[in-house]
Amino acid sequence: MKIISSIEELNTIYGAGLSPASVTKVTKQLTPLYREMIEISPFAALATVGPEGLDCSPRGDLGGVVRVADDETLHLPDWRGNNRVDSLSNIVRDPRLALMFLIPGSNTTMRINGRGVVSDDEALLLSFEMDGKHPRTVVVISIDEVYFQCARAVMRAELWNEEHFSDPAKLPTPGQMLKAATGDFDQETYDREWQGRAAKTMW
């Protein structure tokens with residue numbers, strides 16, 4: 001297998017195809033329209049890096065996955081999850097992060113590269129209070145660059161086409177996957193309890 005090992009080789013293959021729009025769309029802070037797209041997004045993938053390697057974590061919230069504090073700052077609440085804190089552990093040691101936002105029904109995705117800090121400031125946590133609950137921490141993100149992503153990948157995947165949606169009943173359950181990974185495991189009980197926990201711990 002031939003391996004590409006230099007930027008020069010990559011540029012030979014891809015460089016001539018770079019459009020001016022691919023460069024000019026990148027800004028150092030939110031424009032009004034970039035802000036509008038990000039504020040409406042209910043889902044983002046959060047990528048971080050740490051001494052143990054890379055992590056990419058799904059984040060979602062129907063009211064908007066992040067809060068725009070200003071044109072250079074986002075707040076990402078950390079709601080109840082599995083307590084692995086992979087992303088947070090990475091951020092406290094290496095602030096670099098990236099976000100990719102999806103908007104159901106839109107083929108355009110938004111991307112942010114920046115730096116984050118993890119805060120448990122009481123006033124900040126309480127500002128996200130919902131139904132008497134609040135996140136345990138908030139990631140405060142300083143934007144280095146923001147831009148929209150070409151829609152081709154989402155269009156090729158037909159991500160929002162219901163005709164291509166998978167039937168959940170035909171997919172492996174969390175319990176089945178755990179049993180396959182660990183061996184002797186009570187998958188039926190786990191799946192039953194998992195559904196109950198997921199319904200009760202949305203926040």
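Author: Contact means that heavy atoms lie within 4.5 Å. The model is predicted: local features need pLDDT of at least 70, side-chain atom pairs count only at pLDDT 80 or more, and totals for chains, interfaces and linings use all residues. Residues are numbered from 1 along each chain as its sequence is written, and side-chain values use heavy atoms, leaving out hydrogens and water.

Reader: Which residues is Ser119 in contact with, leaving aside neighbours within four places in sequence?

Author: Start with its place: Ser119 is found in strand S6. Strands (E, at least two residues) and helices (H or I, at least four) are DSSP runs, numbered from the N terminus. Beyond its neighbours within four places, Ser119 is in contact with Leu124, Leu125, Thr137, Val138 and Val140.

Reader: Is Ser119 buried or exposed?

Author: The cut-offs decide it: buried is under 20% relative accessible area, exposed is over 50%, and partly exposed is in between (1.4 Å probe, protein chains only). Ser119 has a relative accessible area of 17%, so Ser119 is buried.

Reader: How many helices and strands does the protein have, by secondary structure?

Author: The C-alpha atoms fill a box of roughly 55 × 50 × 40 Å along the principal axes. Of the 203 residues, 28% count as buried. The secondary structure comes to 8 helices and 7 strands.

Reader: What does Leu74 touch, not counting residues up to four places away in sequence?

Author: Leu74 belongs to the largest nonpolar core. Beyond four places in sequence, Leu74 touches Leu30, Val66, Arg67, Val68, Ala69, Leu99, Phe101, Ile112, Val139, Val140, Ile141 and Ile143.

Reader: Why does Thr73 count as buried?

Author: Thr73 lies in strand S4. Leaving aside neighbours within four places, Thr73 is in contact with Arg67, Val68, Val140, Ile141 and Ile143. Thr73 counts as buried because its relative accessible area is 16%.

Reader: How many disulfides are there?

Author: A disulfide is a pair of cysteine sulfur atoms within 2.5 Å. The sulfur of Cys56 is 19 Å from the closest cysteine sulfur, in Cys150, so the pair is too far apart for a bond. Cys56 counts as exposed at 55% relative accessibility, while Cys150 counts as partly exposed at 33%. The count comes to 0 disulfides.

Reader: What share of the contacts in the protein with a separation of 6 or more comes from residues 24 or more positions apart?

Author: Take the contacts with a separation of 6 or more. Residues 24 or more positions apart account for a share of 63%.

Reader: What is the separation of the C-alpha atoms of Ser119 and Ala151?

Author: Along the chain, Ser119 and Ala151 are 32 residues apart. Their C-alpha atoms are separated by 34 Å.

Conventions:
Core = buried A, V, L, I, M, F, W, Y, C linked by side-chain atoms within 4.5 Å.
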